[in-house]
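The exercises below ask the reader to work through a structure in steps, with a solution after each task. Please look at the sequence and the model before reading the solutions.

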Amino acid sequence: MRTLLDWDALGFDLMGTVATEAQALAMIAESRPDVVVTELALAAGTGLALIHQAKTAAPETTFVILAAEADFETAQAAIALGVAAFLKRSEKPAVLRGAFSQLRQTLNQKRAQTANWTVLQQYYKQSLPVMQASFYAALIDGQINEAAIDAYRRDYQIALNGSFYTCLVIHTSTTLLPARVDPMLLRTQVLQQARAFFEPLWPLAAFSYLGNTVMAVQLVAATDVRALTDDADRFCQEAKSKLAAAVTIGVGAAVSRLLDLPRAYRGARTAVSYRSLYGAGKVINIKEIAPHELADFSPLTDTALSALFRQIHVGPEEAIEEAVAAYLTHLGQTAQHMPQHTVVVNELISALYRFAANNRLHVPALTDNLKTLYQTLPESSPASLHQWLSATCLALNSQLALARDTTSAVMIHDAQEYVRVHYQEESLGLKDVCASLGVSHSYFFSTLFKRETGVSFITYLTEFRMDRAARLLLETTEQSQVIGRLCGYTDPNYFSLVFKKHFGNSPTVYRSGMAVASY
């Protein structure tokens, strides 16, 4: 057998040869070869008996019979045992080489298929958690129907199969964060902590959905929701102490079918939204939220908003903070149920947006995010809502002040430019400047001018004319009365009086004195 063919050339490694059936079985059990070539007649035993026993010990091994003679009955028995080839020893070497070469190709194909199948199995196992999360997300979204549920259970290895189910929605606040903590990292930590806490206690599936951690929990009885609520309360406390995270958990109602889980999820989602009324960092069971009516509800009056906007206009920061606190206190007293709270908060967003638009202000947290604000702000915790409203009002106040400063600076610059062009006109006064600027209140502009420049308008006009007169006295040979007229003074005596009061000398002495100093 060893010298029958050039086994290396055919791609086979010859592991050894034995003479008896027992020896062959021992080697097959130990080495698990790819191929066993056996004769029909062995020193002790037969080839067919060997194959029959070896198939049990090594079902993946391929068997070839090399017979001295071939009879029909023996060939049939070999085929029944699944022998890959039944060859006559007397065949030409070329025929034998061809048979084993074909066998080698078959083994290579089989090995490649096995390798591919192994890769697919590994990919399936790695992808299974993602597929399961996708299944549960589609389930609570109502996208799984009854006809498909059994196939999903089988293919995605869905383990939940109890008498009752419910949902937990775990919300981690992104505003009440520890310093320098990334919100996404904290959510991931909360998810990991929630798995470690709940999985030993309840059969469940945990996944992320719409920015929250959702748990589909299997129950024995509908009354188990009470015990689950107690466990959820303990987890909120644990998340606060271990992660410094403000975690709110909404607990849905119990349902009897997995396909009814969307109803449990909606209840849990509604419950967690009540953190805007009850505060973050606690568990809220949908069954514990009292039914309510909206018949007696009246939104906040304009007076409440007007008081807030008045402080945004005038400041200072401390007064704005007090106005924000007063408004939110009034809001809490007026809107005592979630639908009412949503209406009032959305009205607040709209009012703030109109205020910003009417005053041409740009506050990104308000003006660039309106759709998201309508969706998320009503569900924010009281602390988060307070933080957002305070920051928005302060930003509006700051931008108003900046806009006023910018407008004032432009107006003062334009007034000074008007003086530079018209200072030679004797009748030039504050009313002329106000008329050119489109300002109807001279008193207001006079006050603004003095605040921005440090001097009154009349003082500024006089100083401007005196500076021009002094330059003309030094740079020209014109008489002082001519220079006076060029600077808006038609009365020479009055010009001389004003000049002397400003410089301490008359125009003539000023010119001669500067000339002597220059000499």
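**Exercise 1.** Find how many aromatic pairs the structure holds, and describe the pair formed by Phe309 and Phe355.

*Solution.* The structure holds 23 aromatic pairs, where rings of Phe, Tyr and Trp (its six-membered ring) pair if their centres lie within 6.5 Å, and planes under 30 degrees apart count as stacked, over 60 as edge-to-face and the rest as tilted. Phe309 and Phe355 form a stacked pair, with 4.9 Å centre to centre and 5° between the planes. This pair links distant parts of the chain, since Phe309 belongs to helix H10 (residues 302–314) and Phe355 to helix H12 (residues 338–358), 46 residues apart; helices are DSSP runs of H or I with at least four residues, numbered from the N terminus. Both Phe309 and Phe355 are buried, meaning under 20% relative accessible area (1.4 Å probe, protein chains only).

This is a predicted model, in which local features need pLDDT of at least 70, side-chain atom pairs count only at pLDDT 80 or more, and totals for chains, interfaces and linings use all residues. Residues are numbered from 1 along each chain as its sequence is written, and side-chain values use heavy atoms, with hydrogens and water left out.

**Exercise 2.** Describe the aromatic pair formed by Phe495 and Phe499, and place it in its cluster.

*Solution.* Phe495 and Phe499 form a tilted pair, 5.9 Å centre to centre with 55° between the planes. Because they are 4 residues apart in helix H20 (residues 492–503), about one helical turn separates them. Phe495 is buried at a relative accessible area of 1%, and Phe499 is buried at 0%. Ring pairs join both to Tyr489, Tyr494, Phe503 and Tyr510 in a cluster.

Key
Helices (H or I, at least four residues) and strands (E, at least two) are DSSP runs, numbered from the N terminus. Buried means under 20% relative accessible area, exposed over 50%, partly exposed in between (1.4 Å probe, protein chains only).
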